Amino acid sequence: MYLVTGATGGIGRRVVRLLREREESVRAFVRLTSRYGELEHRGADIFIGDLRQEQDIEKACRGIQYIVSAHGSDSDALSLDYRANIQLIDQAKANGVQHFIFISVLGADRGYEDAPVFKAKRAVERYLAASGLNYTILRPAGLASNLLSLAERFRDTGLYLLIGDPKNRTSIVSTDDLAKIVIDSVIVPAAHNQIFSVGGPEILLREDIPQIFSRIFNKQPVVVHAPLFIVDSLRGVLGLMNSEAQTALGTFRTLLANEFFCRRDEVANIEQTFNFQLETLESFLRRYLAV
């Protein structure tokens with residue numbers, strides 16, 4: 001049986017769907033307030049719990065052979081990105097889990113001091129690699145599913161907000177492709193005990209994204225370009241009222257201020273290892289938006 005944390009998120013939901021399509025047993029770790037009806041309908045075992053509670057993690061890991069850690073942090077990198085994953089790894093060892101797949105982030109190894117999520121995920125990567133478990137660590141660039149709401153807004157308004165340098169490069173991965181890589185990591189020997197950077201087949205400039213939207217909807221984009229100092233100003237204001245929100249914006253600023261793309265050889269390595277061709281961002285969006 002697989003345990004999938006973050007099972008109602010963009011990655012986790014697709015992982016559960018694909019596992020059930022392959023008739024694998026899945027335990028989906030969800031919050032009481034999340035929308036998990038679809039997963040239950042697909043035959044997943046629903047475990048309602050809180051990843052901040054060690055006893056919930058301990059119960060969820062009983063009888064599990066494979067763990068997929070796909071949860072986010074909800075602005076609480078220490079509790080969720082770090083502690084929860086450390087406890088999952090410890091419980092994996094205690095329960096004889098055969099393989100642990102960890103969804104990290106591209107750039108986790110770059111030492112971004114102002115990005116708590118990056119720092120937490122890098123610490124977990126090191127802990128997992130030293131744990132003695134069989135593992136696969138995946139470092140995705142931007143997820144195509146995160147652009148669906150922006151594309152729908154563009155369809156209605158023609159507006160696109162671009163914060164920071166429009167020439168920054170990115171390689172956005174199809175979230176469906178990432179889910180397939182997650183699952184195949186268990187059965188592909190070349191993926192065992194490896195770290196993979198995972199991006200789409202194209203290196204895009206951030207300013208290319210509204211142009212992709214324009215082609216999909218046949219609508220001329222109105223790009224509103226906002227400089228990065230707006231985020232810095234917002235962080236300063238939040239710091240006077242909410243230190244947690246200010247800290248979370250550090251990760252957001254890091255994502256906006258830097259380039260996150262996979263080299264051609266990294267993309268080729270993914271395609272060769274997992275034996276399929278990665279999908280472009282435009283293809284993903286057209287599938288989901290039915291255009």
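Which residues does Arg 122 touch, not counting residues up to four places away in sequence? I started my notebook there. The model is predicted.

**Entry: Arg 122**

I looked up the contacts of Arg 122 and found Ala 108, Asp 109 and Arg 139, with residues up to four places away in sequence not counted. Arg 122 sits in helix H5, residues 116-129.

Next I followed the side chain. Arg 122 forms a salt bridge with Glu 125, and the closest N and O atoms are 2.8 Å apart. The two residues are 3 apart in H5, so about one helical turn separates them. Glu 125 has a relative accessible area of 1% and is buried.

**Entry: other salt bridges**

I counted salt bridges in the structure and noted 23. I picked two more to inspect.

Glu 113 and Lys 119 pair through their side chains at 3.5 Å, N to O. Glu 113 is exposed, at 63% relative accessible area. Lys 119 is partly exposed, at 43%.

Asp 184 and Lys 180 pair at 2.8 Å, N to O. Both are in helix H7, 4 residues apart, about one turn of the helix. Asp 184 is buried at 6% relative accessibility. Lys 180 is partly exposed at 25%. I then found a network: salt bridges with shared partners join Arg 13, Arg 17, Glu 38 and Arg 42.

**Entry: the nonpolar cores**

Which members of the largest nonpolar core touch the most other members? I found Val 15 and Leu 138, in a core of 47 residues. Several elements each supply at least two residues, including strand E1 (2-5), helix H1 (10-21), strand E5 (99-103) and helix H11 (264-274). Helix H7 gives the most, with 6 residues.

I listed the contacts of Val 15, leaving aside neighbours within four places in sequence. They are Val 4, Val 68, Ala 179, Val 182 and Ile 183. Apart from this core lies another of 23 residues, and Cys 61, Ile 86, Leu 88 and Tyr 135 are among them.

I then checked Gln 91, in helix H4, residues 77-94. Its relative accessibility is 15%; the cut-off for buried is under 20%, so Gln 91 counts as buried. Beyond neighbours within four places in sequence, Gln 91 is in contact with Ile 57, Glu 58 and Cys 61.

**Entry: helix H8**

Why is H8 largely enclosed by the rest of the structure? I found 7 of its 10 residues (208-217) buried, which is the reason. The buried ones are Ile 209, Pro 210, Ile 212, Phe 213, Ser 214, Ile 216 and Phe 217.

I looked up what they pack against. The partners are helix H6 (148-157), strand E7 (159-163), strand E10 (204-205), strand E11 (222-226) and helix H12 (281-289). After H8 comes Asn 218, with a positive phi near 55°.

**Entry: a nonpolar surface patch**

Leu 159, Leu 161, Val 222 and Val 224 make a nonpolar patch of about 340 Å². E7 and E11 are the elements that give two or more residues to this patch. I checked one member, Val 222, which is in strand E11. Val 222 is partly exposed, with a relative accessible area of 44%.

Note on methods:
Residues numbered from 1 in each chain as written. Predicted model: local features only at pLDDT ≥ 70, side-chain atom pairs only at ≥ 80, totals over all residues. Heavy atoms only, no water. Core = buried A, V, L, I, M, F, W, Y, C linked by side-chain atoms within 4.5 Å. Buried < 20%, exposed > 50% of the residue type's maximum accessible area, 1.4 Å probe, protein only. Contact = heavy atoms within 4.5 Å. Patch = residues over 30% accessible without salt bridge, like charges linked within 9 Å, V, L, I, M, F, W, Y side chains within 5 Å. Areas by Shrake-Rupley, 256 points an atom, 1.4 Å probe, with all protein chains shown as cover. Salt bridge = Lys/Arg side-chain N within 4 Å of Asp/Glu carboxyl O.
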